[in-house]
Amino acid sequence: MTDEADLTEVQEAQPLSQTALAARAALSEVAPVPGVAKPDPILIADSIRRNFGGIAAVDVDHLEVQRGSITALIGPNGAGKTTFFNLVTGFDKPSEGEWSFDGRSMHGVSPHKMAALGMVRTFQLTKSLTKLSVIENMKLGATDQRGERWWNGLLPWIWRKQEAEIEERSDELLGRFKLDHMRDEYAGSLSGGQRKLLEMARALMTNPSLVMLDEPMAGVNPALKQSLNRHVRGLRDEGMTVLFVEHDMDMVHDISDWVIVMAEGRLIAEGTPDQISSNPDVIDAYLGSHQGQSLLEDE
Amino acid sequence: MDWSLILSNTFRQMVGTDAMYFAIAALGLNVQFGYTGLLNFGQAGFMAAGGYGLGMTAWYFSISLWWGIPIAIVYALILGLLMGIPTLRLRSDYLAIVTIAAAEIIRLVVRSVRFKEQFGGTDGIGEFAGPFREVGSNLGIEQGNKYGFWVFEYTGRQFWTLIVGWILVAIFGFVVYLLMRSPWGRVLKAIREDEDAVRSLGKNVYSYKMQSLLFGGVVGAFAGMMLALDRGNVQPDNYSRDLTFYILTALVLGGLAKVSGSIVGPMLYWGVYVFIEGVLRGMTSDGPLQIGGVTIIQSTQVGQVQLMMVGAGLIALMTFRPQGLFGNREEMAFDDR
Amino acid sequence: MNVLKSRAVRVVFVLVTLLGVGLGGTSAHAQDSEYFIQAQVKEQQRDENGRPDNQPVVGVTITVTAPDGSEVGSAATDDKGVALIPVPAKGDYVVRLDESTLPEGQTIAATSNAEQVINESTFRTNRQIINFFTGESQRVEQSFFSRAAQRVADGIRFGLIIAMCSVGLSLIFGTTGLTNFAHGEMVTFGAMMAYLLNVRGLAFVSFLAFLPFIDDVGRFHILLATPLAVAIGGGFGYALDRFGFARLRRKGVGLISQMVITVGLSIILKNLFLFFFGGRRKPYRDYTLQEGLNLGPITITPRDLIVMLLSFVVLMAVALTLQLTRLGKATRAVSDNVDLASATGIDTSRVIRQIWVAGGALAALGGVFFGLDEQVGFDMGTQLLFLMFAGITLGGLGSAYGALVGGFAVGLFVETSTLFGVPTELKTAPALLILILVLLVRPQGILGRAQRVG
């Protein structure tokens, strides 16, 4: 039902928003070379390496992500994109390396602290909390809840007011993501695409400044993809930075301001979507592992 | 076979002391396992912490019984930290392994000759429950008299323990109910579903798991205290490894992740357990039960048969009705991973 | 489905009857006896006020022989220090306490005797009580070195047994992710099966008595009973997977549920053993009473020496199988990464089945060896379980070599811990310390690899 509505809604081409234009302008001066410095980086990674049984799954010398932009991280399967995500968000520990978020070193910081500092992520395999209702999923995302201290749990009057505010914000976000009609259903009863939306909406409950999406389009039907695209753009327009891993080249081309390409754990190219689609290194990398498949062909 | 005796025993046991302390222990285990997904296989260890916390007051510390309550809580907290710190960052099996091991070692230590001075060895510790029973008699419950009605008749001593025990069940039941409806409970339930998701939302999963383990452990210690007060002594073999598993069976029977489940489950468990015992004892009271000259069961083997049925019941529940007898499969709060 | 079910029922039935026919008789026999010799072993101690305060001595083997030297029965003292040995009638008997089974540092007290005689005339009631008193060792204090050598030798023996029992536990975890809390009972199962064949015997095979190792009431010599018990143990592992866990996996039952199911299985099996076997520890018929050989500072019975050598050979064979054979490589591949293994054409469910069989067989062998060392009891494997867990955690959960190394190390550590002041009765406690330290410092164990996230 929602899916059909979205389909008709997004048929017309969307003009670039002010923030999009600003992001692209800021990046227009940046040279398209791997590891290049950005004018205003929010995330900086230095010599991050992760070995699995002697094989370097990730080996990134230098990487910067421009604040206020939508940056895509692409590469053939096994390029180390998800591992890189895990490393940067603290879900995995690098064998060596340093990285900083918003000017703060994140080395050895636990994942929940990073999330609390404003770097929130989603997962390739959606992690909806299936036995919790949709609204409970949303409310869980809010940070600094007084009722999350156990002794306060016994004293509802301490947290009831805050809970009401959180619920209001959750409902507002659910409405925006067109999940309000599922509000009281178990998250387990949502479709795959709806779960992706829920996970993204839930992540926004933490008020992040950097949103990291791991394959937001995987398993989502084409109609819902457009709606997701729009939501991702909306994040940037609200001042957030988006870094996402994606295989869907249409989406990458459509919405990203900047593209970073990884292959075999290394950074092999960076640039605007146009620069990347004509970059011979990138085509080689994809040809190497995809046997003749065109870069811009949908997988 | 005396069916009226069997049935009256069954009903009496459903609200008896065993069901009572099982219910308290099950409430604690439910917070850990049912709501948070923590495999605490050492609830017996927490119960021992409670029992010995009380028992050691007069025996070893030479202080009033009432100090035993804070001592027991401190024991349970130390035990929980010991079990939790190394394991709660790791996958869930490690907690199961460490808790089962810790409970076993606790039993070995308290029954050892080396620590007999502290824990009383295999004989355990007795004669500490006096002050507790005195409160009962001061309230007019005479230890020797009979109290209750119909089949529910108890001696004054049991009656007083039962009143205190079931009040504790009600209190802990209400506390757990409140907690699980609070944002704190929401975090625990979310951890059971997927702890990485919770972590990615900025919650300190390790800390919440620890809180859950400690909370359930302290509740378990209260179960151990009630057991000790009922028996009038603490004995190492009352806190065997398998006790945890029986409580787990009772909990699964009633339904995980429901407050009612942890109270109704133990009642049913003990009802069924005593009923089976009555029937088997009835069948073997005039010598071994024989079919075609082959001895099927003798009166000394009744206990083993009962426990085999407990094990079989646990397997059957987990396989066919993981939501418990009354749960609805849709709402089954137990996530299969 | 129905076929499977009825077959499952039949297999269980056969196993149960097998147990029943075998063990039920023995325990009934013990309880049918009207006359007992009740040996009580006490350690002489005095409390602060100098009053006698005797402590029971646990696990001491008491043997009763008839005047003609034939053995009537033997038992180990329980936790009250009491061993109850049924005898056929009032009569003359010799009751002997096996001094090698006394706890570290204790000897028979000067006022007592390791061998006491009972006359028919003194056998008044149907239960004759005999007391043995022990005290602190009066012998010259052994040097630390010689005590250490003895403990190390015992530790190696114990470590080899734990390693053998643990392989299956670790590999099942590695390939299916399941922590099997009934694995201890698989160890007991093996010991019980050997007991059934060796002590109780199968009357219907008595016609085979012309063969070596089988006597005329159908009892098998331990040398034959052991391989048979190992085969039955393998079959038990097969049945558990085929009719149990394989079906649960297919049904999509989660790992945590499966783990709880193994707990239920453990309760059933333990009580089944207790039902048929009784609560007392009982020895096998062969090689029970042996003089220790003095090898330098070490005293060891030929039986234990051979058990050690055999364990070592078996473990080497396991390691070589894993390293060299197709099955071994497939096993390692599956425990490394199930999806990858099945993508490369390995039939994972077959490999898992084979692991259950091999794990069951090894656990059974470990059980027989453990039973030879310390007699057979219904809860012998349960007591080993936690040491096995400590071992495989130390070695690396899921790694076969890790189980070998870790199990061995834990056995050695536990036995030698008494050298450093740990009381014998608490010698397993330091294993918990190992477990906790490993988890804090290197949770993947010595040989395990860190798990890949996400």
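**Reading the helices, domains and interfaces of a predicted model**

Reader: How many helices and strands does chain C have?

Author: Chain C contains twelve helices and eleven strands. The chain has 454 residues, and 47% of them count as buried.

Reader: What share of the contacts in chain C joins residues 24 or more positions apart?

Author: Among contacts in chain C with a separation of 6 or more, 72% are between residues 24 or more positions apart.

Reader: How should I read the way two helices pack, and at what angle do helix 4 and helix 11 of chain B cross?

Author: One looks at the approach of the axes and at the angle between them. In chain B, the axes of helix 4 (residues 68-87) and helix 11 (residues 205-231) come within 9 Å, with a crossing at roughly 140°. Helix 4 of chain B is therefore oblique to helix 11 of chain B, because an angle counts as roughly antiparallel when it is over 145 degrees. The crossing of these two helices of chain B is right-handed.

Reader: Which residues make that contact between helix 4 and helix 11 of chain B?

Author: Helix 4 of chain B contributes residues including B:Ala72, B:Ile73, B:Leu79 and B:Gly80. From helix 11 of chain B come, among them, B:Leu213, B:Leu214, B:Gly217 and B:Met225. By class, the residues of this contact between helix 4 and helix 11 of chain B are 13 nonpolar, four polar and no charged.

Reader: Turning to domains, where do the domains of chain A lie?

Author: A domain may be assigned from separate stretches of a chain, as here: domain 1 of chain A covers 2-128 + 208-290, and domain 2 covers 134-189. Taken over C-alpha atoms, the centres of domain 1 and domain 2 of chain A are 29 Å apart. Four residues of domain 1 of chain A are in contact with five residues of domain 2 of chain A. On the domain 1 side, those residues are one nonpolar, three polar and no charged.

Definitions and conventions
Residues numbered from 1 in each chain as written. Chains lettered and ligands numbered in written order. Predicted model: local features only at pLDDT ≥ 70, side-chain atom pairs only at ≥ 80, totals over all residues. Axes fitted to C-alpha atoms, helices over the stretch in contact; angles between N-to-C directions. Helix = DSSP H or I, 4+ residues; strand = E, 2+ residues; numbered from the N terminus. Parallel < 35°, antiparallel > 145°, perpendicular 65-115°, else oblique. Left-handed = near helix turned anticlockwise from the far one by under 90°. Contact = placed C-beta atoms within 7 Å. Nonpolar A, V, L, I, M, F, W, Y, C, P; charged D, E, K, R; others polar. Buried ≥ 20, exposed ≤ 12 C-beta atoms within 10 Å, placed from the backbone. Domains from an automatic or database assignment.
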